[in-house]
Amino acid sequence: MIIKDTIFGDIQYTEEDLLTLPLGLVGMPNMTQYLILDFDGEHAFKVLLSTEDPSINFLITDPRNFRPDYDLNTLKPTWDALKIDCEADQAVIVLCTWRGK
């Protein structure tokens with residue numbers, strides 16, 4: 001499949017590349033299919049791009065990039081509820097905002 005994006009241009013992806021959020025994001029419950037895209041080079045940030053509406057994208061990062069003491073153990077009840085017991089299947093991302101001056 002191919003999707004057109006204003007930042008990354010034409011993006012080829014497969015079904016396996018999709019991140020499915022069954023409940024969507026807050027305020028967008030009907031948008032459930034996303035891609036996580038890397039910028040060229042090494043960056044702490046990535047882009048979460050909706051495949052259902054490519055004009056919807058978010059800057060994301062792992063919170064531990066900026067808060068090494070971020071405690072993932074507080075999420076254990078969530079991992080348990082989702083029946084995720086393998087650390088390799090666990091990931092935490094945060095949506096980033098810019099407040100400016």
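**Notebook: charged pairs and nonpolar cores**

I began with Asp-62 and Arg-64, whose side chains meet in a salt bridge at 2.7 Å from N to O; I use the term for a side-chain nitrogen of Lys or Arg within 4 Å of a carboxyl oxygen of Asp or Glu. I note that this is a predicted model, in which local features need pLDDT of at least 70 and side-chain atom pairs count only at pLDDT 80 or more, while totals for chains, interfaces and linings use all residues. Residues are numbered from 1 along each chain as its sequence is written, and side-chain values use heavy atoms, with hydrogens and water left out.

I then looked up accessibility, where buried means under 20% relative accessible area, exposed over 50%, and partly exposed in between (1.4 Å probe, protein chains only). Asp-62 is partly exposed at 22%, and Arg-64 is partly exposed at 35%.

By the salt-bridge rule I count 4 salt bridges. Among them, Lys-4 pairs with Asp-10, with the closest N and O atoms 3.1 Å apart, and both of these residues are exposed.

Next I asked which residues form the largest nonpolar core, meaning a set of buried Ala, Val, Leu, Ile, Met, Phe, Trp, Tyr and Cys residues joined through side-chain atoms within 4.5 Å. I found 8 residues: Ile-3, Ile-11, Tyr-13, Leu-18, Leu-35, Leu-37, Val-47 and Leu-49. A second, separate core has 6 residues, including Leu-25, Met-28, Tyr-34 and Leu-48.
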